[in-house]
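I am opening a notebook on this structure and will write down what I look up, entry by entry.

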Amino acid sequence: MPARPLITLLTDFGTADTYAGQMKGVIAGICPDATVIDLTHAVLPQQVAQGAFLLETALDAFPTGTIHVAVVDPGVGTDRAGLLIRTADRVFIGPDNGLLSCALPEEARPDALRRIPLPRGVDATVLPPELGRPVSSTFHGRDIFAVAAARLAAGDEAITHGTAAGGMLAVPPFRATVRGRREMLDGHIVHIDRFGNLVTTVHASQLRRAAVTGERPVIHVGSERIEGFVRTYGQGAGLVALIGSSGYLEVAEVNGSAAVRLGARIGQDVRVELVR
Amino acid sequence: MPARPLITLLTDFGTADTYAGQMKGVIAGICPDATVIDLTHAVLPQQVAQGAFLLETALDAFPTGTIHVAVVDPGVGTDRAGLLIRTADRVFIGPDNGLLSCALPEEARPDALRRIPLPRGVDATVLPPELGRPVSSTFHGRDIFAVAAARLAAGDEAITHGTAAGGMLAVPPFRATVRGRREMLDGHIVHIDRFGNLVTTVHASQLRRAAVTGERPVIHVGSERIEGFVRTYGQGAGLVALIGSSGYLEVAEVNGSAAVRLGARIGQDVRVELVR
Amino acid sequence: MPARPLITLLTDFGTADTYAGQMKGVIAGICPDATVIDLTHAVLPQQVAQGAFLLETALDAFPTGTIHVAVVDPGVGTDRAGLLIRTADRVFIGPDNGLLSCALPEEARPDALRRIPLPRGVDATVLPPELGRPVSSTFHGRDIFAVAAARLAAGDEAITHGTAAGGMLAVPPFRATVRGRREMLDGHIVHIDRFGNLVTTVHASQLRRAAVTGERPVIHVGSERIEGFVRTYGQGAGLVALIGSSGYLEVAEVNGSAAVRLGARIGQDVRVELVR
């Protein structure tokens, strides 16, 4: 736990409505000393996979003990479960719909997963004693997940004593598919950032063999072909490829937007050919 | 007062400009220990009624002692007054133009309203000793309202000793009109959230009689007709109606956007018919 | 230094990605007690001059001791230097590309400029011992500038002991050009805010002579001609001119948007004629 408890929020609530602010109000009421940091509230509405990717790629910046709350929750109020997951160095809280699945380290033990007690049935204002607050059927981000995070931040471990979840829903991990004898990586664009950089599912760890054996990577996107990597956005000219700060292969346009130049869209194929 | 003073901000300043950040800088200079939470800065420019609605519907999430600053202020620098209103459990600060009127509980006593001393006349940099900082004619959010909130958060009650306001401007309360012998509620869409949910002026409290007498609600919006309520967004299919987390009737589209499906706009009629 | 260390962030990262959140995570890990305030993350991608203007015009709201981090950094990872600049009452941290140049007071001494140690060459994960964290080639905002700010906020002065920079890149100061015998000020629109107000490079200090000599200002923008100033946005009717809260001449439309009415764009000429 850091000197002051640290809670992050990632949602699809946007910031035009007051939903994110309401979550912070609830947290401040329970644990006034917590620092709350917005990862983003601009996940596209109900796009669980995009949320999972943005959560996974932001984690390394946060210190041990951080509590990460994530809410992209098309199933709110239905019988999907709520999860609280404690790993060696952090805690994740959110719905059991795959949103949290990519953030867990591979060595995470199944018994780290706990179900958060949720109200059931048609009563929209059940008060589970564990939460100590009326719960709406439509805003578990505020009434359940923010409450659980704040309770834990305030030192109340009871909230972590839910029943063992046994397992969780997962979205497929963000990795390229390896084809042939590892000479081709089939990935796709998973995120386009504000600069028009195309973030792909090809992870740096999948390119290690090439680095060792001296194979030359050739990146294919649309009808374009990019040879080799640069180290940073300001190097080279035109379209370039590089390993971004998130650890994934990105296609960028020097002093421009690769997304605009290529008319790129989320989901579009990006292949890496490893040439001897 | 919570363990750390808590101040919320609601404005129409957006977040592309530094205006909201400047308010926080002023607050940090006066009361470094205050926690500042953004409710929203995306009220449409100068739309006082929208601001009043977003303020009212966010309040319940905040603990006793919170200081709520709201600035949607087309009359800045003219002779509209500034208000500081202390209710049983919170404080509101902002211009006297209706923005704060819906947030007050019905039992609020008129003597809770105080005018904040404001500079007058053509001098743009008058220094009212109560505020201790030059005041621009164009940015009372920073120079008057943020200062007043921070002073109060820092324990300086002098700022609350302005003259009694006697009354305040009010926007009409957000409630549907009851027609006939309560068999019809005439409301309208007051807010469309990021998910395309249509938030209406029909308040849950106006539907209690139906719940007691067993009348069946039928919701009319555009040429559509929705029978009964669901409990949450993920229930049913197509267009549904439900009581949202704000306490108002909402029209939603399961796994979609009601706003897009209906081409809905703010101000559009929504009627609830109570059928025996 | 204020009671709690205060750090501001100004970037072109937007808030849809998690980049700004990651900077805050790094800061919280090093100096959990720091308050972090967003000035804006909506500088247009890589528009250094716009960032310089928004930084300069926000400073007055912040208390002595504030640490201002600014990152609009098309040259990230190339051999552009990083700067840490200590003035009499604040500290600036960011790339040496002009972004910080307008924020410095005129009396700032060159020896206040220090280079922040940066990694060189092709290794994307060099670990400079001064920073204590791996450094990516593409995200110095997180890995170098946020780290430096947090270290300093935590009381570690070592980070300020870089080599003297000797000088820095500068963008031209935001001032109108004086023509003839000061009877004409040639400026341009440098920023359009959320309300459609046109903020110009004509600074209040350039209009003092007119105030003293009684000359009458006539503002020319597009084919429009505005006589004299009003004191605030709610005064007068139609197009008006006034000194905004930033200290610069603004053209506004009462109860409307000057940007929409005039079809105005950044860079467009605005002239002030001083008429006897």
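Predicted model: local features only at pLDDT ≥ 70, side-chain atom pairs only at ≥ 80, totals over all residues.

**Entry: helices in chain C**

I looked up α1(C) against helix α3 (residues 140-153) of chain C. Their axes come within 9 Å and cross at roughly 35 degrees. The crossing of α1(C) and α3(C) is right-handed. On the side of α1(C), I listed C:Gln22, C:Met23, C:Val26, C:Ile27 and C:Ile30 as the residues in contact. From α3(C) the contact takes C:Gly141, C:Arg142, C:Ala146, C:Val147, C:Ala150 and C:Arg151. Sorted by class, the residues of this contact between α1(C) and α3(C) are 7 nonpolar, 2 polar and 2 charged.

**Entry: the sheet in chain C**

I traced an open sheet of 6 strands in chain C, in the order β2-β1-β3-β5-β4-β6, with mixed pairing. Which strands stand at the edges? They are β2 (35-40) and β6 (113-116) of chain C; each has a single partner strand, so one side of each is left without a neighbour in the sheet. On average, neighbouring strands of this sheet are turned by 20 degrees against each other, with direction ignored.

I then picked one pair inside the sheet. Strand β3 (residues 67-71) and strand β5 (residues 91-95) of chain C pair in the parallel sense over 3 bridges. For C:His68, the bridge partner in β5(C) is C:Phe92.

α1(B) comes from another chain and touches β1 (6-11) and β2 of chain C. The direction of α1(B) makes about 150 degrees with that of β2(C). α3(C) touches β1, β3, β4 (82-86), β5 and β6 of chain C, and its direction makes about 175 degrees with that of β3(C).

**Entry: the sheet in chain A**

I repeated the search in chain A. There, 6 strands form an open sheet in the order β2-β1-β3-β5-β4-β6, and the pairing is mixed. β2 (35-40) and β6 (113-116) of chain A are the edge strands, each pairing on one side only. The twist from one strand to the next averages 20 degrees.

In this sheet I followed strand β1 (residues 6-11) of chain A, which pairs with β2(A) in the parallel sense over 5 bridges. What is the bridge partner of A:Thr8 in β2(A)? I found A:Ile37.

Helix α3 (residues 140-153) of chain A packs on the sheet and touches β1, β3 (67-71), β4 (82-86), β5 (91-95) and β6 of chain A. The direction of α3(A) makes about 175 degrees with that of β3(A). Helix α1 (residues 19-30) of chain C lies across β1 and β2 of chain A, at about 150 degrees to β2(A).

In chain A, the axes of helix α1 (residues 19-30) and α3(A) come within 9 Å and cross at roughly 35 degrees. I recorded this crossing of α1(A) and α3(A) as right-handed. Among the residues that make the contact are A:Met23 and A:Val26 of α1(A) and A:Ala146 and A:Val147 of α3(A).

In chain B, helix α1 (residues 19-30) and helix α3 (residues 140-153) have axes that come within 9 Å and cross at roughly 35 degrees. The crossing of α1(B) and α3(B) is right-handed. The contact of α1(B) with α3(B) has 7 nonpolar, 2 polar and 2 charged residues.

**Entry: interfaces of chain B**

I looked up chain B against chain A. 30 residues of chain B are in contact with 37 residues of chain A. The buried area is about 2500 Å², and carbon and sulfur atoms give 54% of it. In chain B, B:Arg194, B:Phe195 and B:Arg231 lose the most area to chain A, together 30% of what that side buries. How many salt bridges cross this interface of chain B and chain A? The rule finds 0.

Next I took chain B against chain C. The contact takes 38 residues from chain B and 30 residues from chain C. About 2600 Å² is buried between them, with 53% from carbon and sulfur atoms. B:Asp17, B:Thr18 and B:Thr138 lose the most area on the chain B side, together 20% of what that side buries. I counted 0 salt bridges between chain B and chain C.

Definitions and conventions: Residues numbered from 1 in each chain as written. Chains lettered and ligands numbered in written order. Heavy atoms only, no water. Pairing = 2+ DSSP bridges. Helix = DSSP H or I, 4+ residues; strand = E, 2+ residues; numbered from the N terminus. Axes fitted to C-alpha atoms, helices over the stretch in contact; angles between N-to-C directions. Contact = heavy atoms within 4.5 Å. Left-handed = near helix turned anticlockwise from the far one by under 90°. Nonpolar A, V, L, I, M, F, W, Y, C, P; charged D, E, K, R; others polar. Buried area = accessible area lost by both parts, 1.4 Å probe. Salt bridge = Lys/Arg side-chain N within 4 Å of Asp/Glu carboxyl O.
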